[in-house]
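Hi everyone, thanks for coming.

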Number of protein chains: 2
Amino acid sequence: MVENLVEYIAHYTSLNDSEVAALERFVKKQHFEKNEIIFTEGKVSNEIYFVTKGCVRLFYNVEGRDRTAFFYTEGQFICAGESFTFHVPAKESYQAIEGTELYVFSKPSIDKLLEISSTFELIARIAVENELIVCQNIIASFVTKSAEERYVELLETNGELFQRVPQQYIASFLGVSPETLSRIKKRVFTKKDS
Amino acid sequence: MVENLVEYIAHYTSLNDSEVAALERFVKKQHFEKNEIIFTEGKVSNEIYFVTKGCVRLFYNVEGRDRTAFFYTEGQFICAGESFTFHVPAKESYQAIEGTELYVFSKPSIDKLLEISSTFELIARIAVENELIVCQNIIASFVTKSAEERYVELLETNGELFQRVPQQYIASFLGVSPETLSRIKKRVFTKKDS
């Protein structure tokens, strides 16, 4: 059941049989339908997720409208850091935007895993590090790039997302209206063709 | 020498004498003058910092002009995550904006510490977690708030920064010109007084 996860972890460290068995026992796989909400702001997060299939949208509620900040795909950890660490209500929400499968690490499961083997402490760090890198890249992109540049960056680094993600979420991710996104696309593809 | 650090770590876990001795041996304290650059984009980061005194500005170079993304003060870890983890050139730069003292964890020192005690694995995770929380809060603020709202947020959560940080960096952090910052300030303080 946890093959994908073990394969991912193998990039960093190998697990012995009892560690794999512990993962099998304590990590649960959960399926979410397209558009299903995984976690909602205002709640206290006590789970970390690992995406094994599908696509998860991170969004924030801004006066009743939602703003997309990121899309997680296969092989990424998801963690509402402050809420998970300090038990405060989360600011972020997560939604499956395709049929999605996640491995769910609950807080008690993580505690159990950490008791069983210190290798899981390393894995916990890797999970947090990966989420940190995602976040630092989001910030760099926000601070240094225009909407059009962010569109081109997304196209170059993660072009397949455009097939998977509804256009209104791409627009919201870029902080522009769907109409402006259409204009940006036209400009970018005109440039590419010329 | 490492008292501040041990005190900070004590919020999470206690260290025995040999662990404190290992910190004394492998972590070096470094002083930076006001305006001194600590780390520059384009280099590969092989250090994690812990601020024990002063204030550090995180900034990005945008076509020759710099844009401020965050201010770190006492008790915070600083890590250029992607560069440190994957040995790629960093996008971010760090500058001391007051006389600043940092504990510097070099990569070889971290490896040594991790060999000595698994407690340091936990501490490494805490460091990364703290940086993650900072980053997730920056993103939430960027995505959900206007420049004026971000000004008010900074004032409420970290008001003393206004005494410490030159106004042009505050403006750059908010993504506005110094003139717009003056107008924002006037509006905010008129509202407060009324």
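Let me start with a question: which residues in α8(A) are buried? They are A:Tyr169, A:Ile170, A:Ala171, A:Ser172, A:Phe173 and A:Leu174. Buried here means that 20 or more other C-beta atoms, placed from the backbone, lie within 10 Å of the residue's own. Helices are DSSP runs of H or I with at least four residues, strands are runs of E with at least two, and both are numbered from the N terminus.

A quick word on the source. This is a predicted model, where local features need pLDDT of at least 70 and side-chain atom pairs count only at pLDDT 80 or more, while totals for chains, interfaces and linings use all residues. Residues are numbered from 1 along each chain as its sequence is written, and chains are lettered from A, with ligands numbered from 1, in the order in which they are written.

Just after α8(A) comes A:Gly175, with a positive phi of about 75°.

Now, the two chains. Their contact takes 28 residues from chain A and 28 residues from chain B, counting residues whose C-beta atoms, placed from the backbone, lie within 7 Å. On the chain A side, α5(A) gives the largest share, 18 residues. And 100% of the interface residues of chain A are also interface residues in chain B, so the copies meet through the same surface.

Definitions and conventions:
Contact = placed C-beta atoms within 7 Å. Buried ≥ 20, exposed ≤ 12 C-beta atoms within 10 Å, placed from the backbone.
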